[in-house]
Amino acid sequence: MPTLTATATAHPNIAFIKYWGNRDASQRLPQNSSLSFNLDGLLTRTRVSFSPALTSDSLKLNGKTITGPGLARVVNFLQLVRNLAGETIFAAVESTNNFPTGAGIASSAAAFAALALAATSAIGMHLNEKDLSRLARRGSGSACRSVPGGFVEWQAGVEDADSYAASIAPPTYWDLIDCIAVVNASHKPTGSTEGHELADTSPLQTARVVDTPRRLALCRSAVLSKDFSQLAEIVEQDSNLMHAVMLTSQPPLLYWQPATLAVMQAVQGARKRGLPACYTIDAGANVHVLTLASDVNPVRAIVEAVPGVSQIIQAGVGGPAMLQKPSLDG
Ligand code: PMV
């Protein structure tokens, strides 16, 4: 059997309505539905080569060989792909991110979306978007939202078969920009896999989950009607709710740095002065400042001026996970 190779790319995504807490951790079935957009320009490119000559799976990330828990997570995922395909051969995985590593941008969504597409293609399976999204979910929940393009909603569903993401609008639908304010964090934060497990230790998680359909409906309608001020209110409330759960978990998760709070306040001040800007924060100290393309310069200038912000990474709305042409596989 010859070497079976494929290369795929995917963008990370930023959620307006967050996923936090699983109903079933092993299958990454979430407690609530979520809504996000893909981040254009930020890209993970992953090449997977299955070969009968290999005696184990291997992983290289940005040229560095990965072992330990990072490799184990990819091996578990490749095992799912092998089971689906009825194969037993091992694979070499090589992945690169074009965005700065260590800048605290969650890369697991782009990583598992690209890996799901490259691995299934390399092994000869051609999954439709829904089944690819379901598979990517097993690697990292939010990865299911990096499979379709543009603005994307992940229906929590009740089981594996109906828990997947789909586009609600294409990338060109609305010119939103994410200015990621990179804040220097001195310690490595608790990862999201561990964080999801703590969600139910907060007495606020039930209230957050029960209220999600209301926030999701408001957010969806704000996106579809391009109503920035409605979007801003619901996005900040959703992020604050998730961080309220994190802060009240046992043990508590406090991701913010002083500069995180300073950016939040600067953004709220800018909005009061009439600029379209709102913040949302994932499981880290960086602040995603959302604005419209038409207003990005003044908003960026305000965020850049906040002490403690070391860098701004700017991204528009990105497309779906894509397979690279076989001629470019080298
Ligand atoms: O996909 P995970 O397990 O890395 O979880 C993502 C969690 C958040 O980024 C905090 C929220 C979200 O919906 O992206």
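View 1. Phe 37 has a relative accessible area of 0%, so it counts as buried (buried means under 20% relative accessible area, exposed over 50%, and partly exposed in between, using a 1.4 Å probe and protein chains only). This is a predicted model, in which local features need pLDDT of at least 70 and side-chain atom pairs count only at pLDDT 80 or more, while totals for chains, interfaces and linings use all residues. Residues are numbered from 1 along each chain as its sequence is written, and side-chain values use heavy atoms, with hydrogens and water left out.

Phe 16 is buried too, because its relative accessibility is 1%. Phe 16 and Phe 37 form a tilted aromatic pair, 5.4 Å centre to centre and with 35 degrees between the planes. Here, rings of Phe, Tyr and Trp (its six-membered ring) pair if their centres lie within 6.5 Å; planes under 30 degrees apart count as stacked, over 60 as edge-to-face and the rest as tilted. Phe 16 belongs to strand E2 (residues 13-17) and Phe 37 to strand E5 (residues 34-38), so this pair ties together parts that are 21 residues apart in sequence. The helices (H or I, at least four residues) and strands (E, at least two) in these legends are DSSP runs, numbered from the N terminus.

View 2. Together, Phe 16, Phe 37 and Phe 151 form one aromatic cluster. In the whole structure there are six aromatic pairs.

**View 3. Helices H1 and H2 pack side by side.** Two packed helices are described by the angle between their axes and the distance between the axes. For H1 and H2, the axes come within 10 Å and cross at roughly 35 degrees (axes are lines fitted to C-alpha atoms, for helices over the stretch in contact, and angles run from 0 to 180 degrees between N-to-C directions). The crossing of H1 and H2 is right-handed: a crossing is left-handed if the near helix is turned anticlockwise from the far one by less than a right angle, and right-handed if clockwise. Look for Arg 73, Val 74, Phe 77, Leu 78 and Val 81 of H1, which meet Ser 108, Phe 112, Leu 115, Ala 116, Ala 119 and Thr 120 of H2 (contact means heavy atoms within 4.5 Å). By class, this contact has eight nonpolar, two polar and one charged residues. Ala, Val, Leu, Ile, Met, Phe, Trp, Tyr, Cys and Pro count as nonpolar, Asp, Glu, Lys and Arg as charged, and the others, Gly among them, as polar.

**View 4. Helix H3 has a set of buried residues.** Which residues of helix H3 (residues 129-139) are buried? They are Leu 132, Ser 133, Leu 135, Ala 136, Arg 137 and Gly 139. These buried residues pack against strand E4 (29-30), helix H1 (68-85), helix H2 (108-122), E10 and strand E11 (164-169).

**View 5. Helices H6 and H7 pack with a left-handed crossing.** Helix H6 (residues 212-224) and helix H7 (residues 228-247) pack at an angle of about 145 degrees, and their axes are 9 Å apart. The contact includes Leu 218, Cys 219 and Ala 222 from H6, and Leu 231, Ile 234 and Leu 241 from H7. Its residues by class are seven nonpolar, three polar and three charged.

**View 6. Lys 226 sits in the loop between H6 and H7.** Its phi is near 50 degrees, a positive value in a residue other than glycine. Lys 226 counts as partly exposed, because its relative accessibility is 41%. Lys 226 also lies over the face of Tyr 173, at 4.5 Å from the ring centre (a charge sits over a ring if NZ of Lys or CZ of Arg is within 6 Å of the ring centre and within 35 degrees of the ring normal).

**View 7. Arg 23 is found in strand E3 (residues 22-24).** Arg 23 is partly exposed, because its relative accessibility is 44%. Leaving out residues up to four places away in sequence, Arg 23 touches Leu 29, Pro 30, Gln 31, Ala 156, Gly 157 and Val 158.
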